[in-house]
Amino acid sequence: MRLKGKTVVITGGNKGIGKAIAYRFASEGARIAFLARRPIVEILADMHSRGFDAIAIQTRITSYVSVEKAIKSIIEQWGTIDILVNNAASFSREPMLEMTLEAWHQVLDINLNAAFYCSKAILPYLVKNKNGVILNISSVTAKCGDNEAAPIYTTSKGALTTLTKSLARQLAPYNIRVNAVAPHAIVTQMGSEWTEDKRKQVVSSIPLGRMGEPEEVASSALFLVSDEASFITGETINVNGGYLMD
Ligand SMILES: NC(=O)c1ccc[n+]([C@@H]2O[C@H](COP(=O)([O-])OP(=O)(O)OC[C@H]3O[C@@H](n4cnc5c(N)ncnc54)[C@H](O)[C@@H]3O)[C@@H](O)[C@H]2O)c1
């Protein structure tokens, strides 16, 4: 049980990678607080039936007021927070020449600003404990851009990677580690709109010759938040089947 007694806050854990992380962490003894857009009754019921400790707080992660309220409510219920996973994101395909100002700000709000809001609201508790971990779910597109993803998606992920490094430096004196994972080609709803041709093209560019599973991202996430990674901070781990080796 690598996370026994740890309290984890996760954004957007209702499906895909976030859901896999929530289940994996819970199976390692963590209690999970979902900051969820909508009620996630079935997931909570399933987790409780497995003996996992989990709650969901309906939160608008693009509003600092809403995030702060959610964090206070978790503290009231559980008294402490140990780990934050900034996972929620909105994928966008709008090319630069068609990008509206509204869409730009919307994606930035979800993919970057929300991570800042959650970190800011939780940090006083981590600092008080002189212990804590923040894990950001970035993307390979942060490192190499992308033809299909909108520039705001790749830019928001690039900023998240840089935020990871800056927070890692500034928070190290408080024994708070900040890391990221950069997935690529993971089987979730984000890639489900691909045509068969696109899927084949993606797979052919991956040395391991297949798409990844959300659980494979969860394994790297678990390593990074656990004590096994106690001397790792400011790092971004690629989870991409060898697509990008840097
Ligand atoms: N699937 C991939 O290949 C891949 C590749 C690189 C990075 N990622 C990253 O992994 C993370 C999880 O993505 P996924 O692949 O599981 O996709 P997904 O579409 O299955 O999940 C996205 C999550 O974000 C949440 N979300 C979206 N908009 C939100 C909003 N406005 N408020 C609150 N929550 C919101 C959703 O509810 C969902 O839980 C994201 O940060 C994504 O950028 C995924």
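A residue counts as near a molecule here if one of its heavy atoms lies within 4 Å of it. This is a predicted model, where local features need pLDDT of at least 70, side-chain atom pairs count only at pLDDT 80 or more, and totals for chains, interfaces and linings use all residues. Numbering runs from 1 along each chain as its sequence is written, and side-chain values use heavy atoms, with hydrogens and water left out.

Start with the ligand and its shell: 24 residues surround it, the closest being Gly12, Asn14, Asn87, Tyr153 and Thr188. By class, that shell has 11 nonpolar, 10 polar and 3 charged residues (Ala, Val, Leu, Ile, Met, Phe, Trp, Tyr, Cys and Pro count as nonpolar, Asp, Glu, Lys and Arg as charged, and the others, Gly among them, as polar).

Asn14 puts a side-chain N or O atom 2.4 Å from a ligand oxygen. For Arg37 the distance to a ligand oxygen is 3.1 Å, and for a polar side-chain atom of Tyr153 it is 2.6 Å. Now colour by element: helix H1 (16-27) and helix H6 (151-171) are the ones giving two or more residues to the shell (helices are DSSP runs of H or I, at least four residues; strands are E runs, at least two; both are numbered from the N terminus).

Last stop: select Glu228 and Arg2, whose side chains form a salt bridge at 3.5 Å, N to O (a side-chain nitrogen of Lys or Arg within 4 Å of a carboxyl oxygen of Asp or Glu). Glu228 is in the loop between helix H8 (214-225) and strand E7 (236-239), while Arg2 is in the segment before strand E1 (7-11), 226 residues apart.

How values were computed:
Polar contact = N/O pair within 3.5 Å; in protein donor to acceptor, adjacent residues only side chain to side chain.
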